[in-house]
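Colleague: Can you put the model up? I have a few questions about it.

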Amino acid sequence: MNKKTKILSLILLTVGMIALCSCDPVLSLNPRYTYSEFEINLGEKISTDIEEYVDFTELTEEDARFVRENTEVLYDGRPVGDKDFADVGDHELTINYCGHQYRKYRILITDKEPPVFTRNENYYTFVGLGVDENVVDSMFRAKDNSGKCKLKIDKSDVDFNKAGDYVMKATAVDPSGNKTTAEAKLIVQRPEYGAKGTYVFVSISNQTLTYFVDSKVVLSTPVVTGNIYGHSTPKGTFRLLNKATNATLKGREDNGDEYESFVRYWMAFLGSSYGLHDADWRASFGGNIYQGNGSHGCVNMPVPMAAQLFGMIEYGTPILIY
């Protein structure tokens, strides 16, 4: 091989190496992405599909396949799939082609949408009973496109010791400071049969127990309350404190003798001594039984009725005994 041939071979080899190291075809940007930065709303889709950014309409099938195999789209420096969600702020989207940076974008994600309330329901309670914080919180629910929002509830105008309809206001705020408000009524009622809401009403004079759910009677049964001579059932407005199955109740008779009573369904409303429970030792309920053969202060129920109530009643449910 002469010197001229060697030089020509070297030139051809160099040209070949350059061809291998360069990318062909040349990419043509989608006109929508000719800018180097753009703004989107939080929750909008951020595509990492190269066909979103590059115009494939003029490419042959072979060239299109080559482009797909030799490009990568990085979101904040990481190879990821399509993202339907990202944090508010500045982000980078980089397109690499054949190992070199082809295009870099600044993506500004903003959030201008306020939270949306999905629940603002009225709630009924009774004079002197107050409202558990969990119950108050359950009156309102809100969601936000960020997945986060803080809920503030104002109940400062509510007087739990006076019957009336009170307006409670809630404010939902998202991390970007967007806010929205909602209202719901907290109705404080006198404790009486037929009041609105969900509660148990025990009538000592009628010897009946009635369970209301959303103001509708779902269970009614005769009962036996405390013996009026020394073991009367306490009157007042209470809440269900706890409930248990297969409990043994212990106490003392008037003569000082200890007693034990096994019950299948125990629903306490005052300490650990007073509750609603089944009484399988009784053949009948209601009427005037309580006046001479009443309970030790609890509310005795037929086994089937106690089982039904036990399965439905929730902790904190008001129990009115009058």
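Colleague: Is Phe126 buried or exposed?

Modeller: This is a predicted model, to begin with. In it Phe126 is buried, with a relative accessible area of 1%.

Colleague: Which ring does Phe126 pair with, and what is the geometry?

Modeller: Phe126 pairs with Tyr199. The ring centres are 5.2 Å apart and the planes stand at 75 degrees, so the pair is edge-to-face. Phe126 belongs to strand β7 (residues 123-126) and Tyr199 to strand β12 (residues 199-203), so the pair links parts of the chain 73 residues apart.

Colleague: And Tyr199, buried or exposed?

Modeller: Tyr199 counts as buried, because its relative accessibility is 0% and the cut-off for buried is under 20%.

Colleague: Which residues make up the aromatic cluster there?

Modeller: One cluster takes in Phe126, Tyr193, Tyr199, Phe201 and Phe212.

Colleague: How many aromatic pairs does the structure hold?

Modeller: The count is 13. One of them is Tyr97 with Tyr102, an edge-to-face pair at 6.5 Å centre to centre, with 75 degrees between the planes.

Colleague: Change of topic. What lies over the face of Phe310?

Modeller: Lys243 does, at 4.8 Å from the ring centre.

Colleague: Now the strands. What is the order in the open sheet of five?

Modeller: The order is β1-β5-β4-β2-β3, and the pairing is mixed. The edge strands are β1 (37-41) and β3 (78-79), each of which pairs on one side only.

Colleague: How do β2 and β3 run, and how many bridges join them?

Modeller: β2 (residues 71-75) and β3 run antiparallel, and two bridges join them. Across that pairing, Tyr75 stands opposite Arg78 of β3.

Colleague: What about β18, how many of its residues are buried?

Modeller: Strand β18 covers residues 274-278, and four of the five are buried, so the rest of the structure largely encloses it.

Colleague: Which strands does β18 pair with, and in what sense?

Modeller: With β17 (residues 258-270) the pairing is antiparallel, over four bridges. With β19 it is parallel, through three bridges.

Colleague: What sits in the turn between β17 and β18?

Modeller: The two strands form a hairpin with three residues between them. Gly271 is in that turn and has a positive phi of about 55 degrees.

Colleague: And His277, which residues stand opposite it?

Modeller: Trp266 stands opposite His277 in the β17 pairing. In β19, the residue opposite His277 is Asn300.

Colleague: Stay on Asn300. Where is it, and is it buried or exposed?

Modeller: Asn300 lies in strand β19, residues 299-301. Its relative accessibility is 2%, so Asn300 counts as buried.

Colleague: What does the side chain of Asn300 make a polar contact with?

Modeller: The partner is the side chain of Arg282, at 2.8 Å.

Colleague: Which other residues is Asn300 in contact with?

Modeller: Leaving aside neighbours within four places in sequence, the contacts of Asn300 include Val223, Val224, His277, Ala279, Trp281, Phe285 and Ser295. Arg282 is among them too.

Notes:
Residues are numbered from 1 along each chain as its sequence is written. This is a predicted model: local features need pLDDT of at least 70, side-chain atom pairs count only at pLDDT 80 or more; totals for chains, interfaces and linings use all residues. Side-chain values use heavy atoms; hydrogens and water are left out. Two strands pair if DSSP finds at least two bridges between them. Rings of Phe, Tyr and Trp (its six-membered ring) pair if their centres lie within 6.5 Å; planes under 30 degrees apart count as stacked, over 60 as edge-to-face and the rest as tilted. Buried means under 20% relative accessible area, exposed over 50%, partly exposed in between (1.4 Å probe, protein chains only). A charge sits over a ring if NZ of Lys or CZ of Arg is within 6 Å of the ring centre and within 35 degrees of the ring normal. A polar contact is a pair of N or O atoms within 3.5 Å; within protein, one must be able to donate a hydrogen and the other to accept it, and residues adjacent in sequence count only if both atoms are side-chain atoms. Contact means heavy atoms within 4.5 Å.
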